[in-house]
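User: I would like to learn how to read a strand in the context of its sheet and of the whole fold. Could you take me through one case with care?

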Amino acid sequence: DPKHPRVAIVGKGVAFDSGGLDLKPSSAMLLMKKDMGGAAHALALARLVMQRGLKVRLHVLVPAVENAVAGNAFRPGDVLRSRKGLSVEIGNTDAEGRLILADALTRAGEEQPGLILDFATLTGAARSALGPDLPALFTRADATADELLACGLAHDDPCWRLPLHEAYREWLKSDIADINNSHTNAFAGASVAALFLDRFVPEGVDWAHFDTFAWRPVAKPGRPKGGEALGLRAAWHMLLARHG
């Protein structure tokens with residue numbers, strides 16, 4: 001129905017992440033089959049929206065890739081042209097998820113959505129800050145954050161908001177491109193990654209980004225070890241309250 005608002009759901013679909021030429025150590029690769037956890041979240045949320053028939057125009061985007069080592073692998077120092085037209089210097093090939101999300105977010109923005117939700121197993125920094133149980137949440141609008149946090153608490157899916165701190169944008173500056181895909185200090189990695197994504201979401205669009213672990217490392221009653229939805233129920237109940 002053209003009268004209904006457009007909602008875009010985006011999920012990072014890296015089928016396996018070796019780190020690329022900035023190769024991960026073997027211990028860090030062990031769980032990288034789950035690097036498509038964001039895509040799984042996006043598809044699950046989209047299925048819920050369709051099954052319930054929410055009053056929205058749904059746009060689902062899953063950029064699907066593998067980050068591997070090969071003769072045509074992208075290299076540190078390469079400059080890539082994004083869908084938005086911004087040039088991106090590759091500071092680290094293991095920061096590949098934000099590159100594919102950038103193009104997907106740009107594509108979502110071309111349809112002038114009322115809301116964009118994205119899910120990604122994006123940074124180890126989010127796990128260091130919050131551990132495996134709490135997905136890091138980033139939003140532009142305080143009201144959207146409040147809705148998601150309240151829905152998460154009400155439905156056993158707690159999230160934790162981290163800042164899109166403007167002062168950290170300068171850490172993504174590049175001498176040869178519009179932006180770098182990685183910063184060189186060890187500070188605020190989850191926020192800096194979210195600020196990178198923010199450059200590719202149109203101004204004025206309501207946007208929420210979940211940096212989720214998508215994995216339960218230890219079994220709990222009713223929740224086995226393995227792939228886990230973290231942030232999914234919070235997002236679903238927000239959409240249900242808005243558009244049910």
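**A strand and its sheet**

Analyst: In this predicted model, strand β7 (residues 115-120) has 6 of its 6 residues buried, so it is largely enclosed by the rest of the structure. Buried means under 20% relative accessible area, exposed over 50% and partly exposed in between, with a 1.4 Å probe and protein chains only, while strands (E, at least two residues) and helices (H or I, at least four) are DSSP runs numbered from the N terminus. Because the model is predicted, local features need pLDDT of at least 70 and side-chain atom pairs count only at pLDDT 80 or more, whereas totals for chains, interfaces and linings use all residues. Residues are numbered from 1 along each chain as its sequence is written, and side-chain values use heavy atoms, with hydrogens and water left out.

User: Which residues point one way from β7, and which the other way?

Analyst: In a regular strand the side chains alternate between the two faces of the sheet. Here Leu115, Leu117 and Phe119 point one way from β7, Ile116, Asp118 and Ala120 point the other way, and all are buried.

User: Which strands pair with β7, and in what sense?

Analyst: Two strands pair if DSSP finds at least two bridges between them. Strand β1 (residues 6-11) pairs with β7 in the parallel sense over 5 bridges, and alanine 8 stands opposite isoleucine 116 of β7. Strand β11 (residues 206-211) also pairs with β7 in the parallel sense, over 6 bridges, with alanine 120 opposite aspartate 211 in β11.

User: In what order do the strands of the sheet stand, and which stand at the edges?

Analyst: The open sheet has 6 strands in the order β3-β1-β7-β11-β8-β9, and its pairing is mixed. At the edges stand β3 (57-61) and β9 (160-161), each with a single partner strand, so one side of each is left without a neighbour in the sheet. The pairing of β3 with β1 is parallel over 5 bridges, and leucine 58 in β3 is the bridge partner of valine 7.

User: How many helices and strands does the protein chain have, and what does its radius of gyration agree with?

Analyst: The protein chain has 7 helices and 13 strands. The radius of gyration is taken over C-alpha atoms, and the globule rule is 2.2 Å times the number of residues to the power 0.38; for 244 residues a compact globule would come near 18 Å, and the 17 Å of the protein chain agrees with this. Along its principal axes the C-alpha trace spans about 45 × 40 × 35 Å, and buried residues make up 50% of the 244 residues.
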